[in-house]
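Welcome! Please open your viewer and get ready to select a few pieces one after another.

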Amino acid sequence: MIRWGRAGGRFVGITQPQRIRWLHARLILLRELVDRRTAEYSTDYPLGDRLGLPMPCAPPADPAMATLLRTGLLDPDEPPEIQLWHEPEFLAWLQDGITATLATLEDQYGLITVAVDPDAVRQWSSVLLNLRIAYAAARTPELLTAGELPDPSDDRRLAYAHAAWLWDAVNTLHAFAVS
């Protein structure tokens, strides 16, 4: 749980320092996932030599990245070839958001500071939602498709708790920001 308050032009969230350290580590892993995907880009596609823009040439093999792209791209009904053209913009936006979100975390005291600005709140929330999607795709894929949360087995209880905490982090900030 995060308790939110307001200090000047910032929303300030307080939680356990270990939760912030966990979030920081997961955001780093998400950034690495994006880096691995963008390292696969090339100009080996029709018009690639002329345009000179590195682009993805095939859908990702990594299930977390595939799920992230499927949920993050504007029109999932577009053919995969068209989605590949939208992917670099989405991943660049996500990279920028990860960097900005990491800057909001202070793990020594368990603090989160987000500007009292709708765009900053939206960016922070979007990054955490995308992190939750990637985390769930890798660790608890049933949470992405279940209408009702299943009871976790003992070995999955911690992963469920982390996914739920990410969801609560976003919802508690939104509830506080609009109140």
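Predicted model: local features only at pLDDT ≥ 70, side-chain atom pairs only at ≥ 80, totals over all residues.

Stop 1: Select residues 118–139, which form helix H5, and then residues 157–178, which form helix H7. Their axes come within 10 Å and cross at roughly 165°. Angles over 145 degrees count as roughly antiparallel, so H5 is roughly antiparallel to H7. As H5 passes H7, the crossing is left-handed.

**Stop 2: where the helices touch.** Show the side chains on both helices. On the H5 side, look for residues including Val121, Trp124, Leu128 and Tyr135. On the H7 side, the residues they meet include Leu158, His162, Trp167 and Leu173. What classes of residue make up the contact of H5 with H7? There are 14 nonpolar, 3 polar and 2 charged residues.

**Stop 3: the sheet.** Now select the strands. The 4 strands form an open sheet, and reading across you meet E1, E2, E4 and E3 in that order, with antiparallel pairing. Which strands stand at the edges? They are E1 (3–7) and E3 (105–106); each has a single partner strand, so one side of each is left without a neighbour in the sheet.

Stop 4: Zoom in on E3 and strand E4 (residues 111–115), which pair in the antiparallel sense over 2 bridges. Here you can find leucine 105 opposite isoleucine 112 in E4.

**Last stop: back to H7.** Show H7 together with the sheet: this helix packs on it, touching E1 and strand E2 (10–14). The direction of H7 makes about 40° with that of E1.

Terms used
Residues numbered from 1 in each chain as written. Heavy atoms only, no water. Axes fitted to C-alpha atoms, helices over the stretch in contact; angles between N-to-C directions. Parallel < 35°, antiparallel > 145°, perpendicular 65-115°, else oblique. Left-handed = near helix turned anticlockwise from the far one by under 90°. Contact = heavy atoms within 4.5 Å. Nonpolar A, V, L, I, M, F, W, Y, C, P; charged D, E, K, R; others polar. Pairing = 2+ DSSP bridges.
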